[in-house]
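Take a walk through this fold, one contact at a time. Keep the structure open beside the text.

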Amino acid sequence: MKTRHKRLAIIVTGVVGLTVASLLILDAFNKNLVFFHSPTEILEGKVSVAPGKTIRIGGLVEQGSVKRSADGLKVDFVITDLNKKLPVHYEGLLPDLFREGQGVVAQGRLQDGNRFVASEVLAKHDEKYMPPEAAQALKGGTFAPGEENKKP
């Protein structure tokens, strides 16, 4: 075999190897990629949900809907997108930012077509977050990190 043919064989083998590796990586991403859907999309059937398949739903926690058990580990609440509502049941510790009127994303399974059992609840933070130093500066005070702000 000539040197030219050996180089060509190495290049072809490398391209085929990279193509196979890329396809395997893309397949793994596709299997693990989970978007969140709104309650309206789920309840109106715009999203096909296979029984037992893990999905994510996102929306706001409806005011007055949070019901906690005596031990505090079981929570029932309603997620809404201001159009439709979907009841959610979750067992576990909730994030610190979880509260009524706050945005959340819950991951779990849909049961009986209209009840969601969450295995994980993520609270969405306020996009208007500002470090304490910047907030204090905007209020007109001075703030030095590590020191208390003394007002005259």
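Which residue forms a salt bridge with Asp 76? The partner is Arg 115, with the closest N and O atoms 3.6 Å apart. A salt bridge here is a side-chain nitrogen of Lys or Arg within 4 Å of a carboxyl oxygen of Asp or Glu. This pair links distant parts of the chain: Arg 115 sits in strand β7 (residues 115-123), Asp 76 in strand β4 (residues 74-80), and 39 residues separate them. Buried means under 20% relative accessible area, exposed means over 50%, and partly exposed is in between (1.4 Å probe, protein chains only).

A word on the ground rules. This is a predicted model, in which local features need pLDDT of at least 70 and side-chain atom pairs count only at pLDDT 80 or more, while totals for chains, interfaces and linings use all residues. Residues are numbered from 1 along each chain as its sequence is written, and side-chain values use heavy atoms, leaving out hydrogens and water.

Now the overall layout. The protein chain has three helices and seven strands. From the N terminus on, the order is α-β-α-β-β-β-β-β-β-α. These elements are DSSP runs numbered from the N terminus: helices are H or I with at least four residues, strands are E with at least two. Of the 152 residues in the protein chain, 24% are buried. Take the contacts with a separation of 6 or more: residues 24 or more positions apart account for 47% of them. Contact means heavy atoms within 4.5 Å.

Return to β4. This strand is mostly covered, with five of its seven residues buried. It pairs with several neighbours. Two strands count as paired if DSSP finds at least two bridges between them. β2 and β4 run antiparallel and are joined by two bridges; in β4, Thr 80 is the bridge partner of Leu 60. β3 also pairs with β4 in the antiparallel sense, over two bridges. There, Asp 76 turns up again, as the bridge partner of Lys 67. The hairpin of β3 and β4 has five residues between the strands, and Gly 72 takes a positive phi near 80 degrees.

On to β5. Seven bridges pair β4 with β5, again in the antiparallel sense. Val 75 stands opposite Tyr 90 in β5. Four residues lie between these two strands in their hairpin, and Leu 82 in the turn has a positive phi of about 70 degrees.

Where does the sheet pairing go next? β5 and β7 run parallel, joined by three bridges, and His 89 stands opposite Val 117 in β7. β6 and β7 run antiparallel, joined by eight bridges. In that pairing, Leu 110 stands opposite Phe 116 in β7.

The rings of Phe 77 and Phe 98 have centres 5.0 Å apart and planes at 65 degrees, so the pair is edge-to-face. Rings of Phe, Tyr and Trp (its six-membered ring) pair if their centres lie within 6.5 Å; planes under 30 degrees apart are stacked, over 60 edge-to-face, and the rest tilted. Phe 77 lies in β4 and Phe 98 in the loop between β5 and β6 (103-111), so the pair ties together parts 21 residues apart in sequence. Phe 77 is buried at 1% relative accessibility, and Phe 98 is buried at 7%.

Back to charges. Side chains of opposite charge can pair when their charged atoms come close. The structure holds three salt bridges. In one of them, Lys 85 meets Glu 62, with the closest N and O atoms 2.7 Å apart. Lys 85 is in strand β5 (residues 85-91) and Glu 62 in the loop between β2 (55-61) and β3 (67-68), 23 residues apart. Lys 85 is partly exposed, at 49% relative accessible area. Glu 44 and Lys 46 also meet through their side chains (3.3 Å, N to O). Glu 44 is partly exposed at 40%, whereas Lys 46 is exposed at 61%.

Finish at helix α1 (residues 3-32), where Leu 8 lies. Leu 8, Val 12, Val 16, Val 20 and Leu 24 form a nonpolar surface patch, with about 460 Å² of accessible area together. Such patches take residues with over 30% relative accessible area and no salt bridge: like charges are joined within 9 Å, nonpolar side chains (Val, Leu, Ile, Met, Phe, Trp, Tyr) within 5 Å. Accessible areas come from the Shrake-Rupley method with a 1.4 Å probe; for residues, only the protein chains shown count as cover.
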